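Trainee: I am new to this structure and would like to go through it with you. Could we start with the terms?

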Amino acid sequence: MYPTEFDGLTIAGIYIHEPGGALTNLLLAIWGYYLYFRLSGIHEPFGKYWRYFILMLALASTGGILTHGFPQLFGLGVFFALWSSKNAFVPVGNYLATMAFIIALFPERMAKLRKLFAAKAMLVILSAMVLYSFTPIAIDLGVTYILIIVLAQNYRKDLPGAVYFRNAFGIAILSGTSYIMKFDLDKHWLTHKDIVHVFVYLSMWFIYLGIREYEARIQVTS
């Protein structure tokens, strides 16, 4: 959200509104792009959906560097466009994550469910823009995380790597809890938003391991 008070820090002559937010978003973007390119050899649709999910997180974090770190560089209109754009990557990522599980577990329902979940993503994006609030996206995150945890747990014997995905999104639930509690260890360097990102680093690593296990086991059995 566009700040009304610029009470950040000036470092080496450069004003940074949320230095912790800018730094953790930078690290998260680097981590996401690194994992995305590490997965360039993935062949199965399941892994490809997850690979693009990771890319969406990296792109959202790239936008977060600007909106959290340097909002004073933009007027309200440009800031809103950046804020909306970087947030839009999150529901798109949720859509990709859901489609990954559907194509692996319920391929016969893919055509119908693709349209349903695409419409949900669009509704969430538009709601966030109209309300100028992250709340619709936070709700979508919670719903998606719970859905994936339930599917991963129920189909852990049938879906290679399912336990990794269950653990990844269990960690993601912790990140959401941290966001809701709004407990800041440090006003500038380790706010509740930054703590969320720490959990996301771990979550993305488990997703990466899950993709690798799925790909390896599918290649062996095919």
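Mentor: Angles under 35 degrees count as roughly parallel, over 145 as roughly antiparallel, 65 to 115 as roughly perpendicular, and the rest as oblique. The model is predicted: local features need pLDDT of at least 70, side-chain atom pairs count only at pLDDT 80 or more, and totals for chains, interfaces and linings use all residues. Residues are numbered from 1 along each chain as its sequence is written, and side-chain values use heavy atoms, with hydrogens and water left out.

Trainee: At what angle do H5 and H6 pack?

Mentor: Helix H5 (residues 135–154) packs with H6 at about 150 degrees, their axes 8 Å apart. Axes are lines fitted to C-alpha atoms, for helices over the stretch in contact, and angles run from 0 to 180 degrees between N-to-C directions. H5 and H6 are therefore roughly antiparallel to each other. Helices here are DSSP runs (H or I, at least four residues), as are strands (E, at least two), numbered from the N terminus.

Trainee: And H2 with H3, what is the angle there?

Mentor: About 165 degrees, for H2 (residues 45–69) and H3 (residues 76–105), with axes 8 Å apart. Therefore H2 and H3 are roughly antiparallel to each other.

Trainee: Which kinds of residue form the contact of H2 with H3?

Mentor: The contact residues of H2 with H3 are 23 nonpolar, six polar and one charged. Ala, Val, Leu, Ile, Met, Phe, Trp, Tyr, Cys and Pro count as nonpolar, Asp, Glu, Lys and Arg as charged, and the others, Gly among them, as polar.

Trainee: Changing topic, how many salt bridges are there?

Mentor: The count comes to five salt bridges, each a side-chain nitrogen of Lys or Arg within 4 Å of a carboxyl oxygen of Asp or Glu. One of the pairs is Asp 7 with Lys 187, at 3.8 Å from N to O.

Trainee: Where in the chain do Asp 7 and Lys 187 lie?

Mentor: Asp 7 is in the segment before strand E1 (9–11), and Lys 187 is in the loop between helix H6 (162–181) and helix H7 (192–221). The pair links distant parts of the chain, 180 residues apart.

Trainee: Last one: how do H1 and H2 pack?

Mentor: H1 and H2 pack at about 155 degrees, with their axes 8 Å apart. H1 and H2 are therefore roughly antiparallel to each other.
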